[in-house]
Amino acid sequence: MRILKNVSIAVLVVGYFIAGANHFIHPQGYILIIPSYLPAPVILNYLAGFFEVLFALMLIRPKTRKVASYGIILMLVAFLPVHITMLQNSPLKVGDLWVTHAIAWVRLALQPVLMLWAWWHRE
């Protein structure tokens, strides 16, 4: 079980680090999917990227892993409006990718799985 948990945490660290960095590398794709009723989409995009990178790095150390796990869960809850808006507006083009209605549903349904995954690493 220890090996599985170590591999799992490594995948989370790399995944959230890359996802967070991508907010800075390709901001337009993210800015376009931020719901119009939310203010300052550019700032929200960069904050999302910053926190994804921060939580990824915090997952590395056991002493900060619990805070990172709960931070990721809260962040994923905060991202739900984006996924709901993507579902409502699908199909849509995000950067070079087409998000179909089916893909938007999968992305929305994946959020609780990602929350549970982060929760698994809280200790």
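1. Helices H1 and H3 run roughly antiparallel to each other (an angle over 145 degrees; under 35 would be roughly parallel, 65 to 115 roughly perpendicular and the rest oblique). Their axes cross at roughly 155 degrees and come within 7 Å. Here axes are lines fitted to C-alpha atoms, for helices over the stretch in contact, and angles run from 0 to 180 degrees between N-to-C directions. H1 covers residues 2-25 and H3 residues 41-60; helices (H or I, at least four residues) and strands (E, at least two) are DSSP runs, numbered from the N terminus.

2. A word on the basis: this is a predicted model, where local features need pLDDT of at least 70 and side-chain atom pairs count only at pLDDT 80 or more, while totals for chains, interfaces and linings use all residues. Residues are numbered from 1 along each chain as its sequence is written, and side-chain values use heavy atoms, with hydrogens and water left out.

3. Do look at how H1 meets H3: the crossing is left-handed (the near helix is turned anticlockwise from the far one by less than a right angle; clockwise would be right-handed). On the H1 side the contacts (heavy atoms within 4.5 Å) include Tyr16, Phe17 and Phe24, and on the H3 side Tyr46, Phe50 and Leu57 are among them. By class, this contact has 16 nonpolar residues, four polar and one charged (Ala, Val, Leu, Ile, Met, Phe, Trp, Tyr, Cys and Pro count as nonpolar, Asp, Glu, Lys and Arg as charged, and the others, Gly among them, as polar).

4. H3 also packs against H4, at about 150 degrees with the axes 7 Å apart, which makes this pair roughly antiparallel as well. H3 passes H4 in a left-handed crossing. Residues of H3 in this contact include Phe51, Phe55 and Met58, while H4 brings, among others, Ile72, Met75 and Phe79. Twelve of the contact residues are nonpolar, three polar and two charged.

5. Two backbone spots deserve a glance. Alanine 40, in the loop between H2 (27-33) and H3, has a positive phi near 50 degrees. The peptide bond from serine 90 to proline 91 is cis, with omega near 0 degrees, and proline 91 is in the loop between H4 and strand E1 (92-94). Most residues other than glycine have a negative phi, and most peptide bonds are trans.
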